[in-house]
Amino acid sequence: MKVTFDQLGGEGATREDAVVFVISDALGDAAQSVVISAASQFSDGAVRVVRLSQIKSADEVRDYFEAHDEDFVSTAVFHSIADTVLRRSVKAVLNERGITSVDILGPVVQILAGLTGETPRNVASAHHRVDSRYLRRVAAMEYFVDHDNGKNPQDLGEADVVLVGLTGSAKSPLAMHLSFLGYKVASVSLDPGRKVPEELAKVDPKRVFGLEATTDVLATARMRDAEGQQRHEVLAAIEAAQEGARREMGRLGCERLSADNKTIEELASDIISKVESE
């Protein structure tokens, strides 16, 4: 069993802290993601997260909680255990100790079993196996690395998504996130002085997305690099660049998306919904 303290928590937890345990017979990434998302709705430090991953038996869980019986007052467990026998055993241990627990994986697996008519594998780390989806993600991430910020424009026709915009409009982090989800993404800068590759005009406009950010957002980064320039000069240059970028987006016929006040995940969701609806 591996014990790790995630970013919202740590070994400095006190008896007054709410401590949430994530337990898994695999890495526990999925369950941890759910817990971290929920914990982020509360004040910093209000919830501490401890992950017990790669467990092999319920005795490991029992021994851990017995050893830490006096450490915490407010405790709950979220578990994602693929092995059904181990899942029941761990649940029994938690029930014995009166610990509130939520099974994140089991109910979902049962619903999918009913929908597909298949018997689940009940194998830990099944989603980490090397299959076509995994290989697609690897290929997509390699494509992102080779086609970020205008590199290798001759391959733009192979992209699932092409992001265009000025520096500072979140092209690269968004492209990286989409590639992790399995989409081949290229990005092209529309900054003044940067030549727009001819190949971009041949890409289906429905796969091209123009990212826009406000003048103030773009200025935050550019003021750091503007040696000897006044703020009003930097802002004027940005506004001119924005106008040029808008003209290019219009010429391309692509959809424009505002990156302001949106997370990378929200932007990715917007793009995926449009690409998949075609």
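1. In this predicted model, four strands make up an open sheet with parallel pairing, and their order is E7-E6-E8-E9. Strand E7 (185-189) and E9 are found at the edges; each has a single partner strand, so one side of each is left without a neighbour in the sheet. On average, neighbouring strands of the sheet are turned by 30° against each other, direction ignored.

2. The pairing of E8 with E9 is parallel and runs over 4 bridges. Within this pairing, Glu-212 has Ser-258 of E9 as its bridge partner. Two helices deserve attention here. Helix H6 (residues 171-180) packs on the sheet and touches strand E6 (161-165), E7 and E8, with a direction that makes about 170° with that of E7. Helix H9 (residues 264-276) also packs on the sheet, where it touches E6, E8 and E9; the direction of H9 makes about 160° with that of E9.

3. Which residue meets the side chain of Glu-212 in a salt bridge? The partner is Arg-256, with a distance of 3.0 Å from N to O. This pair links distant parts of the chain, since Arg-256 belongs to strand E9 (residues 255-258) and Glu-212 to strand E8 (residues 208-212), 44 residues apart. Arg-256 has a relative accessibility of 43% and therefore counts as partly exposed, as this class lies between the limits of 20% and 50%.

4. The count of salt bridges comes to 10. One of them joins the side chains of Glu-96 and Arg-62, at 3.7 Å from N to O. Here too the pair links distant parts of the chain: Glu-96 is in helix H3 (residues 84-96) and Arg-62 is in helix H2 (residues 58-67), 34 residues apart. Glu-96 is classed as exposed because its relative accessibility is 57%, whereas Arg-62, at 23%, is partly exposed.

5. A further salt bridge connects Asp-103 with Arg-87, and its closest N and O atoms are 4.0 Å apart. Asp-103 lies in strand E5 (residues 100-103) and Arg-87 in helix H3, so that distant parts of the chain, 16 residues apart, are linked.

6. Why is Ile-111 called exposed? The reason is its relative accessible area of 57%, since exposed means over 50%.

7. Thr-4 is located in strand E1 (residues 2-5) and, at 22% relative accessibility, counts as partly exposed. Which residues does Thr-4 contact, leaving aside its neighbours within four places in sequence? They are Val-49, Val-50 and Arg-51. Thr-4 and Val-49 are 45 residues apart along the chain, and their C-alpha atoms are separated by 8.7 Å.

Definitions and conventions:
Residues numbered from 1 in each chain as written. Predicted model: local features only at pLDDT ≥ 70, side-chain atom pairs only at ≥ 80, totals over all residues. Heavy atoms only, no water. Buried < 20%, exposed > 50% of the residue type's maximum accessible area, 1.4 Å probe, protein only. Pairing = 2+ DSSP bridges. Axes fitted to C-alpha atoms, helices over the stretch in contact; angles between N-to-C directions. Contact = heavy atoms within 4.5 Å.
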